[in-house]
Amino acid sequence: MDISSTLAHEFGLSPSIVNATVALIDEGNTIPFIARYRKEVTGSMDDQLLRRLDERLAYLRGLEKRKAEVSAAITEQDAMTPELEAALTAAATLAVVEDIYRPYKPKRKTRASVAKARGLEPLADAVLAQDAQAEPEALALAYVSDEKEVPDTAAALQGACDILAERFSDDAAMRARLRRLYEATGVVRVKAVKAEDSVYSGYYDFQEPVSKIAGHRILAIDRGEREGFLKVTVEVTEAKAVSYLTGTYVKNDSPCGRLTAAACADAYTRLIAPSLERELRAVLTQKADDGAIKVFSENLRQLLLQPPIKGKVALGLDPGYRMGCKVAVVDPTGKVLDTTVVYPIPEFKRVAEAKAKIKALIEKHGVEIIAIGNGTAGKETEIFAAEVLQELGRPVSYMVVSEAGASVYSASKLAAEEFPDYDVNLRSAVSIARRLQDPLAELVKIDPKAVGVGQYQHDMPPAQLAAALDGVVEDCVNTVGVDLNTASPSLLSRVAGVSTSTAKNIVKFREAEGAFKTRRQLLKVPKLGPKTFEQCAGFLRIPGAGNPLDATAVHPESYPAAEKLLRLCGFTPADIGSPAISELKARIEAMGYEKAAAEVGVGVPTLRDMTEELLRPGRDMRDSLPQPLLRTDVMKLEDLKPGMELTGTVRNVIDFGAFVDVGVHQDGLVHISQICDRFIKHPSEVLKVGDVVTVWVMQVDASKKRIGLTMKNPAKAGRQPSTTA
């Protein structure tokens with residue numbers, strides 16, 4: 001297989017671009033570096049496409065390696081033929097390779113291997129020949145032997161049929177044909193194992209075609225089976241499947257032909273069906289895992305890229321009952337200014353004291369925003385905060401923040417190193433406040449699996465999930481860029497090419513030598529060599545640096561080109577970011593991008609990126625996104641009525657809909673059928689985490705704390721809302 005040609009065909013790219021991109025990957029370049037600084041080589045592929053290409057490259061290389069192993073194993077058995085070699089060469093998946101290898105693969109003791117050891121293979125061949133004149137008993141008589149444990153002709157014929165059944169089961173072409181039958185006509189059937197009520201009750205008598213069953217249902221069924229509530233099978237019409245075998249192997253209706261037919265039926269029911277069912281279920285689960293990981297990855301990307309609320313003092317509230325509500329105030333840079341614990345829940349009879357403390361902190365530190373964790377006692381704390389804000393004489397707003405993973409972080413070694421003087425609970429309050437100020441900088445400290453924007457994430461293959469989510473975090477951090485002089489080790493370790501130990505070395509160097517003044521100083525950091533510098537330098541910014549280019553995403557390797565471009569257009573580096581340079585783009589366009597790129601010695605994509613950076617140095621792409629929805633009041637679940645119009649924030653997007661925070665502590669579900677008036681395959685086509693949307697209440701089940709929402713305006717459908725918020 002020509003891997004480059006295969007990749008070019010699958011991704012719709014030219015072979016030259018594929019070869020050049022693969023060379024960059026093989027040289028050890030990181031995906032963010034390639035995506036940002038090698039656009040001329042890759043045809044401007046983005047980081048997500050590059051990661052897909054990298055994953056596919058790894059699969060195809062693994063496939064070629066496995067083909068070589070199988071070829072060597074078959075050759076060693078002196079069984080290689082031109083037909084087998086051609087089949088191996090043409091195999092496009094690992095499953096096909098394993099089917100080809102199946103007859104030659106060393107097996108554990110089977111009925112067929114026992115029969116072969118007893119010398120019954122020639123009898124199996126004679127039966128398969130299906131001579132219309134031959135009597136099976138007469139053929140078998142010669143194989144009866146007490147010494148070989150073949151007591152009679154019946155035992156001899158049974159052994160021969162066992163050999164044939166395994167031979168039919170190992171036929172790669174037959175397995176491929178039956179696999180297609182399962183994929184096209186198979187039905188997933190689910191029955192209850194336990195009669196008790198459970199979250200799996202909807203699957204106690206369930207069936208759906210293999211070709212149509214949704215990934216989230218597969219994951220739910222798998223979990224129910226693991227927990228002992230469900231029994232799952234994949235079924236096809238047995239007569240149809242067996243007819244494939246008999247139609248291929250049975251030649252006539254002779255006695256030997258009937259024995260061959262019996263062997264076909266045995267091959268299917270005993271060997272093929274269980275094997276294909278296991279295989280198909282594994283494929284369904286893998287597809288469901290892939291889909292869930294894709295959804296989780298996209299949700300995580302949107303969560304990490306939520307716009308920060310910059311330049312404001314924030315107060316974080318980590319709700320709780322017995323241990324009280326932990327409070328932390330942080331300045332606009334995230335530095336902790338104050339901490340305390342209050343008891344805002346009425347049952348503790350300390351609400352007045354709690355209000356006084358919070359008001360004092362707000363006045364003392366000039367708090368402008370409040371972040372409230374959405375965990376235990378979150379609703380009561382939100383009501384308390386809303387009351388405090390109504391009593392204040394200054395504008396302060398709040399936002400309920402997902403505290404998923406906050407407890408994991410606060411108890412971690414990383415948190416202990418960052419806040420050695422604070423207990424676990426206060427660390428969590430600090431994290432909640434910082435999540436509102438800069439979600440990306442804070443959430444990188446937490447295992448991506450713990451951020452709570454996926455579905456069935458705890459059921460995913462850990463290595464596959466970790467690789468996908470780590471890639472998302474890396475892409476987000478490098479897309480936004482990092483302030484070299486303020487970034488935490490956690491944030492630095494997500495920069496392209498920077499390992500955890502190198503990140504710590506950068507911070508140690510910064511603490512010992514003072515703030516970085518130039519990017520070139522990075523080369524003085526222990527264990528940060530030229531290759532690492534090449535990969536990371538463009539993503540590390542130094543606001544206010546002596547060389548204005550150090551504050552931009554222009555890579556140091558392109559500084560000469562950037563300076564030449566400035567001169568060409570009548571500017572100097574001192575003009576970067578000033579009002580005067582606003583003419584830069586117009587002057588380049590007047591000259592022509594291709595001509596300007598040739599003049600300065602870079603490609604057009606690099607020139608365009610460079611121009612944007614010179615016009616808006618250190619820009620944060622998140623600033624152009626819609627700002628988070630801040631609140632000053634609160635509603636209760638009981639306040640919701642069908643038809644009520646609300647504004648909410650999308651918290652999670654899953655296969656069957658989206659969960660929206662409408663300000664009542666309990667997220668409401670917008671089913672996929674209620675998102676828009678046109679057909680969509682997945683909610684992510686319309687919604688993403690962080691979107692601020694208008695919804696209408698469809699139904700409220702207070703006992704189960706369920707809220708059904710719609711994004712379809714009832715008024716436009718001729719149904720006037722009964723209440724309006």
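Predicted model: local features only at pLDDT ≥ 70, side-chain atom pairs only at ≥ 80, totals over all residues.
The protein chain comprises 725 residues, of which 49% count as buried, and the C-alpha trace spans about 105 × 70 × 55 Å along its principal axes. The secondary structure of the protein chain consists of 29 helices and 15 strands. Among contacts in the protein chain with a separation of 6 or more, 66% are accounted for by residues 24 or more positions apart.

Attention now turns to one sheet. Strands of a sheet pair through backbone hydrogen bonds, and the pairing may be either parallel or antiparallel. In this model, 3 strands form an open sheet in the order β2-β1-β3, and the pairing is antiparallel. The edges of the sheet are taken by β2, which covers residues 205-209, and by β3, which covers residues 230-235. Each of these two strands has a single partner strand, and therefore one side of each is left without a neighbour in the sheet. From one strand to the next, the twist averages 15°. Strand β1, formed by residues 187-192, runs antiparallel to β2 and is joined to β2 by 5 bridges; in this pair of strands, Lys 191 stands opposite Asp 205 of β2. Helix α13, made up of residues 215-226, packs on the sheet and touches β1, β2 and β3, while the direction of the helix makes about 125° with that of β3.

The cysteines were examined next. A disulfide is a covalent bond between the sulfur atoms of two cysteines, and the structure holds 0 disulfides. Two cysteines illustrate this result. For Cys 264, the closest cysteine sulfur is that of Cys 161, at 9.7 Å, which is too far for a bond because a disulfide requires a pair of cysteine sulfur atoms within 2.5 Å. Cys 264 also counts as buried, with 0% relative accessibility. For Cys 536, the closest cysteine sulfur belongs to Cys 476 and lies 19 Å away, so that this pair, too, is too far apart for a bond. Cys 536 is likewise buried, its relative accessible area being 0%.

Definitions and conventions. Residues numbered from 1 in each chain as written. Heavy atoms only, no water. Buried < 20%, exposed > 50% of the residue type's maximum accessible area, 1.4 Å probe, protein only. Pairing = 2+ DSSP bridges. Helix = DSSP H or I, 4+ residues; strand = E, 2+ residues; numbered from the N terminus. Axes fitted to C-alpha atoms, helices over the stretch in contact; angles between N-to-C directions. Contact = heavy atoms within 4.5 Å.
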